[in-house]
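Here is a set of questions and answers for a first reading of a protein model.

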Amino acid sequence: MFRPIRRTKREISTELAKELLLSSRRGVLAVNGDDGYPYAVPINYLYDEDDAKIYFHGARAGHKYDSIKACDKVCFTVYGNESVKKEVWAPYLQSVVVFGRCHLIDDEAKAMSLVKKLAMKYYPEESVADEEIAASGKAVQMFEIEIEHLSGKEIQEK
């Protein structure tokens, strides 16, 4: 169902791809938007390797929310781990592409638990995360992407 990477020499292992998902701070979520146009937006996220899911937050209304409600198929991409192996001017870069189904999380207890885990990825200390959650956590909609397929590759920008 999902296309294999065309240039297999550039493919990285699933383990390396998952490491990039774990270590990256932001990714780009692509959904089927209005009038057949794709809609891609950068997001903060939390990758749970045990559940094979990606979690993120958003508003309870808007383009992203409406698009996911209309069609649950999404694509999510992260990139990073830039490294220099030979020429300084031509670094190598890794990326991961995830295909999956995205759903709203309606269970409030689960959503609040995930909000806290997501916040702890980004906030410098727990007290700061707790303050932010207390101020606006109830207004947040949590989403989950059930990963159906993921692949990663490394390219040299040359």
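A residue counts as buried under 20% relative accessible area, as exposed over 50%, and as partly exposed in between. The model discussed here is predicted.

Q: Is Asn81 buried, exposed or partly exposed?
A: The place of Asn81 is in strand β6. The relative accessible area of Asn81 is 41%. The limits for the middle class are 20% and 50%, so Asn81 is partly exposed.

Q: What is the value of phi in Asn81?
A: Most residues other than glycine have a negative phi. Asn81 is a residue other than glycine, yet its phi is positive. The value is near 55 degrees.

Q: Where is Ala52 found, and what is its phi?
A: Ala52 is found in the loop between β4 and β5. At 34% relative accessibility, Ala52 is partly exposed. Ala52 has a positive phi although it is not glycine, and the value is near 55 degrees.

Q: What percentage of the contacts with a separation of 6 or more is between residues 24 or more positions apart?
A: Contact here means heavy atoms within 4.5 Å. Among the contacts with a separation of 6 or more, those between residues 24 or more positions apart account for 72%.

Q: What percentage of the residues in the protein is buried?
A: The protein has 158 residues. A residue is counted as buried when its relative accessible area is under 20%. Buried residues make up 39%.

Q: Why is the pair of Tyr45 and Phe76 called edge-to-face?
A: The structure holds 3 aromatic pairs. The ring centres of Tyr45 and Phe76 are 4.9 Å apart, and their planes stand at 70 degrees. Planes over 60 degrees apart count as edge-to-face, so the name for this pair is edge-to-face.

Q: How many residues apart in sequence are the parts tied together by Tyr45 and Phe76?
A: Tyr45 lies in the loop between β3 (38-44) and β4 (46-48), whereas Phe76 lies in strand β6 (residues 73-83). Both Tyr45 and Phe76 are buried. Because of these two places, the pair ties together parts whose separation in sequence is 31 residues.

Q: Are the rings of Phe56 and Phe143 stacked or edge-to-face?
A: The centres of the rings of Phe56 and Phe143 are 4.8 Å apart, with 5 degrees between the planes. Planes under 30 degrees apart count as stacked. The aromatic pair of Phe56 and Phe143 is therefore stacked.

Q: Which strands hold Phe56 and Phe143?
A: The pair ties together parts that are 87 residues apart in sequence. Phe56 is buried, with a relative accessible area of 0%, and Phe143 is also buried at 0%. Phe56 lies in strand β5 (residues 53-58) and Phe143 in strand β8 (residues 141-156).

Q: With which side chain does the side chain of His103 make a polar contact?
A: The place of His103 is in strand β7 (residues 92-104), and His103 is partly exposed at 28%. Leaving aside neighbours within four places in sequence, His103 is in contact with Asp72, Met142, Phe143, Glu144 and Glu146. The polar contact of the His103 side chain, at 3.4 Å, is with the side chain of Glu146.

Q: Which backbone oxygen does the side chain of Ser24 reach?
A: Ser24 lies in the loop between α1 (14-23) and β2 (26-32). With a relative accessible area of 8%, Ser24 is buried. Not counting residues up to four places away in sequence, Ser24 touches Tyr45, Val78, Tyr79 and Lys121. The side chain of Ser24 reaches, at 2.9 Å, the backbone oxygen of Leu20.

Q: Which residues is Ser67 in contact with, leaving aside its neighbours within four places in sequence?
A: The place of Ser67 is in helix α2 (residues 63-70). Ser67 counts as buried because its relative accessibility is 2%. Beyond those neighbours, the residues in contact with Ser67 are Val31, Asn32 and Gly33.

Terms used. Residues numbered from 1 in each chain as written. Predicted model: local features only at pLDDT ≥ 70, side-chain atom pairs only at ≥ 80, totals over all residues. Heavy atoms only, no water. Helix = DSSP H or I, 4+ residues; strand = E, 2+ residues; numbered from the N terminus. Buried < 20%, exposed > 50% of the residue type's maximum accessible area, 1.4 Å probe, protein only. Polar contact = N/O pair within 3.5 Å; in protein donor to acceptor, adjacent residues only side chain to side chain. Phe/Tyr/Trp six-rings, centres within 6.5 Å; stacked < 30°, edge-to-face > 60°.
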